[in-house]
Each structure stands twice: as C-alpha cells, then as structure tokens.
Amino acid sequence: QVQLAESGGGLVQAGGSLRLSCAASGRTFSRRNMGWFRQAPGKVREFVAGITSTGANTYYADSVKGRFTISRDNAKNTVYLQMNSLKPEDTAVYYCADSIAASRNRREYDYWGQGTQVTVSS
C-alpha cells in the first residue's frame with residue numbers, strides 16, 4: 001500500500017553535507033508521522049530524526065542534534081534529511097519510515113524504504 005524510496009546518499013569527507021530525500025507513494029502521506037533511521041554494520045537500526053504529520057514538530061537523536069534537520073513537503077509527498085558537519089560515525093545505511101504516531105522507536109514504524117548508503121571519510 002505504502003512505498004518509500006530514499007535517495008541522496010553518497011561518499012563525503014568529514015565536515016561535509018548531504019541532503020537525503022524520501023519519496024512516498026499513497027494517498028495518506030499528510031496524515032503520517034515520518035522518521036529517519038540509520039544502521040551501521042553490526043549495529044541495530046537506530047532513530048535519527050522524526051517529524052509530525054504537519055511538520056509542526058521535529059525531534060532528533062542527541063548524536064545529530066544541531067547538525068541534521070528533518071523537513072517535509074506534503075504537496076510533494078517527500079521528507080528530507082539535511083545532514084551538515086558530517087562525522088565518520090554517521091556512516092550507515094539511512095532509512096525513512098512512517099508511523100501513525102510520533103515515535104523514536106523503530107518497532108512503531110509501519111513501512112520502510114530500501115535505504116541509501118551514507119559514507120563519511122576521515
């Protein structure tokens with residue numbers, strides 16, 4: 001029913017920036033809370049940033065607060081993650097996902113994209 005497709009990943013040097021996009025299919029995007037998660041090799045998938053359905057509220061993991069910005073354009077059915085001041089520890093596959101309620105818990109998200117690789121070199 002709902003399909004999500006991430007794009008914008010790549011290889012950057014430490015201190016650089018990337019902007020990730022997540023395009024959503026379906027007719028209920030504006031009713032869904034959205035989140036970005038990441039997963040590095042050997043680690044669990046962890047919360048990065050979330051945004052409520054209207055975009056009125058955003059929230060972040062402490063590790064990215066002040067560096068990353070989540071936003072959405074409901075007219076385009078798209079959510080974004082602007083990543084600045086990237087660090088090698090940000091290297092991971094980044095996923096977008098949606099949920100009925102705002103949450104930091106990956107188990108509460110219903111649909112997931114395929115992921116996009118972000119690699120930050122030192």
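**Reading the labels**

Modeller: Gladly, and let us begin with an open sheet of four strands, in the order 1-3-8-7, with antiparallel pairing. Strand 1 (4–7) and strand 7 (68–73) stand at its edges with a single partner strand each, so one side of each has no neighbour in the sheet. The twist averages 15° from one strand to the next, with axes taken as lines fitted to C-alpha atoms (for helices over the stretch in contact) and angles running from 0 to 180 degrees between N-to-C directions. Please keep in mind that this is a predicted model: local features need pLDDT of at least 70, side-chain atom pairs count only at pLDDT 80 or more, and totals for chains, interfaces and linings use all residues. Residues are numbered from 1 along each chain as its sequence is written, and side-chain values use heavy atoms, with hydrogens and water left out.

Biologist: What makes strand 3 and strand 8 a pair?

Modeller: Two strands pair if DSSP finds at least two bridges between them. Strand 3 and strand 8 (residues 78–83) have six bridges, in the antiparallel sense, so they meet that rule. One of the contacts to look for is Arg19, whose bridge partner in strand 8 is Gln82.

Biologist: How many helices and strands does the protein have?

Modeller: It has zero helices and 11 strands. Helices (H or I, at least four residues) and strands (E, at least two) are DSSP runs, numbered from the N terminus.

Biologist: Which strands does strand 11 pair with, and in which sense?

Modeller: Strand 2 (residues 10–13) pairs with strand 11 in the parallel sense over four bridges, and Gly10 stands opposite Val118 there. Strand 9 (residues 92–99) pairs with strand 11 in the antiparallel sense over three bridges, with Gln117 as the bridge partner of Val93. Strand 11 (residues 116–121) also has two faces: Thr116, Val118 and Val120 are on the covered one, while Gln117, Thr119 and Ser121 are on the uncovered one.

Biologist: Why are Cys22 and Cys96 called a disulfide?

Modeller: The term applies to a pair of cysteine sulfur atoms within 2.5 Å. The S to S distance between Cys22 and Cys96 is 1.9 Å, so the pair qualifies. Cys22 lies in strand 3 (residues 18–24) and Cys96 in strand 9, so the pair ties together parts that are 74 residues apart in sequence. A search of the whole structure finds one disulfide.

Biologist: What makes the disulfide right-handed?

Modeller: The torsion about the S-S bond of Cys22 and Cys96 is about 50°, so the disulfide is right-handed. Both Cys22 and Cys96 are buried, a word that means under 20% relative accessible area, with exposed over 50% and partly exposed in between (1.4 Å probe, protein chains only).

Biologist: Why does Ser85 count as partly exposed?

Modeller: Ser85 has 42% relative accessibility, so it counts as partly exposed. Ser85 lies in the loop between strand 8 and strand 9, and its phi is near 50°, a positive value in a residue other than glycine. Asn77, in the loop between strand 7 and strand 8, also has a positive phi, near 55°.

Biologist: What can you tell me about strand 5 and its hairpins?

Modeller: Strand 5 (residues 46–51) is mostly covered, with five of its six residues buried. The hairpin of strand 4 and strand 5 has six residues between them, and Gly42 in the turn has a positive phi of about 80°. Strand 5 and strand 6 (residues 58–60) pair in the antiparallel sense over three bridges, where the bridge partner of Ile51 is Thr58. They form a hairpin too, with six residues between them and a positive phi of about 85° at Gly55 in the turn.

Biologist: How do you know that the radius of gyration agrees with a compact globule?

Modeller: The radius is taken over C-alpha atoms, and the globule rule is 2.2 Å times the number of residues to the power 0.38. With 122 residues, a compact globule would have a radius near 14 Å; the protein has 13 Å, so the two agree. Buried residues make up 45% of the 122 residues.
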